[in-house]
Amino acid sequence: MPIRLLSTEVASQIAAGEVVERPASVVKELLENALDAGAKNVTISIADAGRTLVEVADDGCGLAPEVRARIFEPYFSTKKDGTGLGLAIVSAIVADHRGYIRVRPNEPKGTRFIVELPVREQADFQEIKKKAVLS
Ligand SMILES: Nc1ncnc2c1ncn2[C@@H]1O[C@H](COP(=O)(O)OP(=O)(O)OP(=O)(O)O)[C@@H](O)[C@H]1O
Ligand SMILES: [Mg+2]
């Protein structure tokens, strides 16, 4: 099967779309969890259009320590119909962006997820271009 590299322009467009799209799915997963936790108020904070920081703080039921220890495990869920994949996917996206995700108790109640993403450099786009192939 012939493989050819994408043009710089097309690769950059794909990379730009990915940068915007995937942090949005991080917010969606974290927001769904906050609502499932019975939150009445959810605060979403972003910096740099979600490229460098996404924080979702809720006033839901909070995390018991034994649950907290397992939330990023694939298939770990305390919900009847949960797949347990939401946070596993979130942590994969964050790792893919060489970022960090932290979870803290929110005050006075609930949970706060903090996602930090490093600013993407031109070198990252070059790397994506190398990986991106058309058949
Ligand atoms: N904001 C939150 N407040 C309280 N518990 C949470 C919160 N976010 C996650 N959890 C706990 O972490 C577990 C794993 O979350 P994850 O998103 O990976 O799967 P899920 O939500 O159970 O399933 P799915 O994502 O398929 O709906 C949840 O079942 C829940 O116990
Ligand atoms: Mg979930």
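Where is Gly-110 found? Keep that question for a later stop, and begin with the whole chain.

**Whole chain**

This is a predicted model, in which local features need a pLDDT of at least 70 and side-chain atom pairs count only at pLDDT 80 or more, while totals for chains, interfaces and linings use all residues. Residues are numbered from 1 along each chain as its sequence is written, and chains are lettered from A and ligands numbered from 1 in the order in which they are written.

Colour the chain by pLDDT, the predictor's confidence in each residue on a scale from 0 to 100: the average is 84, and 74% of the residues score at least 70. Confidence is highest in helix H2 (residues 65–68), at a mean of 97, and lowest in strand S6 (residues 133–134), at 53.

Read from the N terminus on, the elements follow the order β-α-β-β-α-α-β-β-α-β.

**The sheet**

Next select S2, S3, S4 and S5, which form an open antiparallel sheet in the order S2-S3-S5-S4; two strands pair if DSSP finds at least two bridges between them. Strand S2 (42–47) and strand S4 (100–105) stand at the edges with a single partner strand each, so one side of each has no neighbour in the sheet. Direction ignored, neighbouring strands of this sheet are turned by 10° against each other on average, with axes taken as lines fitted to C-alpha atoms (for helices over the stretch in contact) and angles running from 0 to 180 degrees between N-to-C directions.

Zoom in on S2 and strand S3 (residues 53–58), which pair in the antiparallel sense over 6 bridges. Here Val-42 stands opposite Asp-58 in S3, and Ala-47 stands opposite Leu-53 in S3. Then follow S3 to strand S5 (residues 111–116), its antiparallel partner over 5 bridges, where Val-54 stands opposite Val-115 in S5.

Now return to the opening question: Gly-110 is found in the loop between S4 and S5. Gly-110 counts as buried because it has 22 C-beta neighbours inside 10 Å; a residue is buried if 20 or more other C-beta atoms lie within 10 Å of its own, exposed if 12 or fewer, and partly exposed in between, with C-beta atoms placed from the backbone. Leaving out residues up to four places away in sequence, Gly-110 touches Ala-39, Ala-57, Asp-58, Asp-59, Gly-60 and Gly-62, a contact being two residues whose C-beta atoms, placed from the backbone, lie within 7 Å.

Draw a distance from Gly-110 to Ala-34, and the C-alpha atoms are separated by 8.6 Å, although the two residues are 76 apart along the chain. Ala-34 is found in helix H1 and is buried, with 24 other C-beta atoms within 10 Å. From Ala-34 to Asp-58 the C-alpha separation is 5.8 Å, and the contacts of Ala-34, neighbours within four places in sequence aside, are Ala-39, Val-42, Val-56, Asp-58 and Gly-60.

**Ligand 1**

Finally, centre on ligand 1, surrounded by 22 residues, the closest being Asn-33, Ala-37, Ser-77, Gly-82 and Gly-86; a residue is near a molecule if its C-beta atom, placed from the backbone, lies within 6 Å of it. Helix H1 (8–36) and helix H3 (86–96) are the elements that give two or more residues to this shell.

How values were computed: Helix = DSSP H or I, 4+ residues; strand = E, 2+ residues; numbered from the N terminus.
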